[in-house]
Amino acid sequence: YLRVMKTDSTTGKVIPYAGAGFQIYDPDGNLVTMKYTYPELTTIDTFYTASDGTLLTPEKLPYGVGYSLVEVSAPYGYVLDKTPVYFNIAQGDSAQEDGLTVIRVNKENKPQMGTITVKKQGEVFSTVAEKDGIYTPVYNMQGLEGAVFGVYALEDIFTPDKTLRYSAGEKVATLTTSADGIAVSQPLFLGKFEIREEKAPYGMVLLKEPIQTELVYAGQQVEITTVSVTAVNERQKAVISLLKKLETDEQYGIGLGSEYKNAKFGLYATEAIIAADGTAIPKDG
């Protein structure tokens with residue numbers, strides 16, 4: 001009999017999953033079929049693991065050299081691998097299990113992993129508008145460089161082989177946005193994560209609230225899945241307050257009315273302030 005063990009390629013542990021499917025080919029390359037009799041006579045050519053992640057063929061295989069095992073469906077959370085596993089039905093490779101002569105074959109699978117993409121945006125001093133000698137900065141939403149994020153596990157994260165990969169609260173990645181405002185993590189095990197901004201781009205206000213996201217299984221054909229989040233920073237602003245005081249003279253009625261409304265001030269640049277497109281508010285503008 002053939003005993004197939006479905007294992008995680010990173011830990012070697014058996015994956016306790018019912019339904020991983022296999023086909024067996026004989027040394028001549030022919031698909032092997034077998035029969036079972038209960039509850040009725042049935043012929044099968046695909047064999048599936050039980051809930052413990054193993055399967056035992058219902059019939060014996062003839063002795064021979066050059067059999068192969070091909071996976072046709074992967075366990076949940078893993079990537080399908082159709083690379084054949086070759087084995088021999090030979091006395092020297094067998095063992096006794098529960099009174100049966102058994103050949104053991106391991107078939108490994110990679111756990112599916114995923115990347116987190118962070119898109120950082122904010123108001124950027126993009127150009128300068130001028131009218132009647134007054135220069136006005138113009139802001140547009142653009143990608144922001146230099147934002148630093150920490151990625152943390154939101155809960156204990158296990159792979160289906162019951163291996164703890166990340167503990168709740170554990171920092172699993174640090175991301176820094178590039179010139180286009182984008183940062184991509186290394187491949188991570190699937191699960192729920194929290195993204196915290198740890199350093200805001202220059203001139204921006206640090207995000208106070210973390211962003212939560214989840215990497216979910218994308219099917220057995222996908223090796224690396226991905227999820228994307230967008231984080232927007234508020235531009236740091238300044239308010240200039242000026243208090244105008246006028247001397248008063250009650251005898252002559254000076255400074256007691258609305259004279260303060262006649263005072264006007266201009267705000268001037270002490271140096272050139274250059275926008276992203278190269279235009280500028282000039283010195284003394």
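Strand 7 and strand 8 (residues 85-89) run antiparallel and are joined by five bridges. Here, strands are DSSP runs (E, at least two residues), numbered from the N terminus, and two strands count as paired if DSSP finds at least two bridges between them. Look for Ser68 in this pairing: Tyr86 in strand 8 stands opposite. Before going on, keep in mind that this is a predicted model, where local features need pLDDT of at least 70, side-chain atom pairs count only at pLDDT 80 or more, and totals for chains, interfaces and linings use all residues. Residues are numbered from 1 along each chain as its sequence is written, and side-chain values use heavy atoms, with hydrogens and water left out.

Strand 7 also pairs with strand 2 (residues 21-25), again in the antiparallel sense and through five bridges. In that pairing, Gly21 sits opposite Ser73 of strand 7. How much of strand 7 (residues 64-73) is buried? Seven of its 10 residues are, so the rest of the structure largely encloses this strand. Buried means under 20% relative accessible area, exposed means over 50%, and partly exposed is in between (1.4 Å probe, protein chains only).

Now head over to strand 1 (residues 2-8), which is mostly covered, with seven of its seven residues buried. As a rule, side chains in a regular strand alternate between the two faces of the sheet. In strand 1, Leu2, Val4, Lys6 and Asp8 point one way, while Arg3, Met5 and Thr7 point the other way.

Which strands does strand 1 pair with? One is strand 10 (residues 100-109), which runs parallel to strand 1 and is joined to it by seven bridges. Thr7 faces Glu108 of strand 10 there. Another is strand 6 (residues 54-56), running antiparallel to strand 1 with three bridges between them. In this pairing, Met5 has Thr54 of strand 6 opposite.

Further along, there's an open sheet of four strands in the order 16-13-19-20, with antiparallel pairing. Strand 16 (171-176) and strand 20 (211-215) are at the edges with a single partner strand each, so one side of each has no neighbour in the sheet. From one strand to the next, the twist averages 30°, with axes taken as lines fitted to C-alpha atoms (for helices over the stretch in contact) and angles running from 0 to 180 degrees between N-to-C directions. Five bridges link strand 16 to strand 13 (residues 148-153) in the antiparallel sense.
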